[in-house]
Amino acid sequence: MIRSLLLFFLAGLCEIGGGYLFWLWLREGKSFWLAIIGMVILGLYGVLPTLQTVNFGRAYAAYGGIFIVLSIAWGWLVDRVVPDKFDLLGAAIAFLGVLVMMYAPRS
């Protein structure tokens with residue numbers, strides 16, 4: 001379970017971080033090299049979920065919940081946008097969904 005959550009966390013950082021580098025290039029006029037680095041990081045994001053032991057659909061559905069949590073955390077830590085109680089509640093519900101989808105016992 002810890003390995004799986006770590007893979008989700010790393011994939012989320014790669015997706016959000018790579019996308020953020022594109023954002024900086026396109027929206028804020030930063031160096032084109034940020035877009036190149038962003039492409040490499042987004043490529044790594046494409047690889048990481050394949051290391052999950054579940055099928056594609058379940059891995060990506062569960063990853064969606066991780067993405068929600070990490071996006072709120074990124075906004076808070078990087079963009080300094082403090083989440084409100086509804087952001088935090090929604091993120092908690094999404095993370096609970098991850099735990100149910102990925103780690104509930106199945107027969």
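Contact here means heavy atoms within 4.5 Å. Helices (H or I, at least four residues) and strands (E, at least two) are DSSP runs, numbered from the N terminus.

This is a predicted model, in which local features need pLDDT of at least 70, side-chain atom pairs count only at pLDDT 80 or more, and totals for chains, interfaces and linings use all residues. Residues are numbered from 1 along each chain as its sequence is written, and side-chain values use heavy atoms, with hydrogens and water left out.

## Overall layout

The protein has four helices and zero strands. Along the sequence the pattern reads α-α-α-α. The C-alpha atoms fill a box of roughly 50 × 35 × 20 Å, taken along the principal axes. Of the 107 residues, 27% count as buried. Buried means under 20% relative accessible area, exposed over 50%, and partly exposed in between (1.4 Å probe, protein chains only). Among contacts with a separation of 6 or more, 67% join residues 24 or more positions apart.

## Helix pairs

Two packed helices are described by the angle between their axes and the distance between the axes. Axes are lines fitted to C-alpha atoms, for helices over the stretch in contact, and angles run from 0 to 180 degrees between N-to-C directions.

| Pair | Angle | Axis distance |
|---|---|---|
| H1 and H2 | about 160° | 8 Å apart |
| H1 and H3 | about 60° | 9 Å apart |
| H3 and H4 | roughly 155° | within 8 Å |

Angles under 35 degrees count as roughly parallel, over 145 as roughly antiparallel, 65 to 115 as roughly perpendicular and the rest as oblique. A crossing is left-handed if the near helix is turned anticlockwise from the far one by less than a right angle, and right-handed if clockwise. For class, Ala, Val, Leu, Ile, Met, Phe, Trp, Tyr, Cys and Pro count as nonpolar, Asp, Glu, Lys and Arg as charged, and the others, Gly among them, as polar.

**H3 with H4.** H3 and H4 are roughly antiparallel to each other. H3 passes H4 in a left-handed crossing. On the H3 side, the residues are Arg58, Ala61, Ala62, Gly65, Ile66, Ile68, Val69 and Ile72; they meet Asp87, Ala91, Ala94, Phe95, Val98, Met101 and Met102 in H4. By class, this contact has 12 nonpolar, one polar and two charged residues.

**H1 with H2.** H1 covers residues 2–28, and H2 covers residues 32–47. Their packing angle of about 160° makes H1 roughly antiparallel to H2. The crossing is left-handed. H1 contributes residues including Ala11, Cys14, Glu15, Phe22 and Trp25, and H2 residues including Phe32, Ile37, Met39, Leu42 and Tyr45. The contact of H1 with H2 has 15 nonpolar, three polar and one charged residues.

**H1 with H3.** H3 spans residues 56–77, and its angle to H1 is about 60°. That makes H1 oblique to H3. H1 passes H3 in a right-handed crossing. Among the contact residues are Leu5, Phe8, Phe9, Glu15 and Tyr20 of H1, with Ala59, Tyr63, Ile66, Phe67 and Trp74 of H3. By class, there are 14 nonpolar, three polar and one charged residues.

## Nonpolar core

A nonpolar core is a set of buried Ala, Val, Leu, Ile, Met, Phe, Trp, Tyr and Cys residues joined through side-chain atoms within 4.5 Å. The largest one has 13 residues, and Phe8, Tyr63 and Ile66 have the most contacts inside it. H1, H3 and H4 (85–103) each give two or more residues to this core. The largest share, five residues, comes from H1.

Tyr63 is in contact with Phe8, Ala11, Gly12, Glu15 and Tyr45, leaving aside neighbours within four places in sequence.

## Loops and a helix end

Leu51 sits in the loop between H2 and H3. With 40% relative accessibility, Leu51 counts as partly exposed. Leu51 touches Arg3 and Leu7, not counting residues up to four places away in sequence. Leu51 and Leu7 are 44 residues apart in sequence, yet 7.5 Å apart in space, C-alpha to C-alpha.

Leu77 belongs to H3. Its 60% relative accessibility makes Leu77 exposed. Leu77 and Ser31 are 46 residues apart in sequence and 23 Å apart in space, C-alpha to C-alpha.

Arg80 lies in the loop between H3 and H4. At 65% relative accessibility, Arg80 is exposed. Most residues other than glycine have a negative phi. Phi of Arg80 is near 60°, a positive value.
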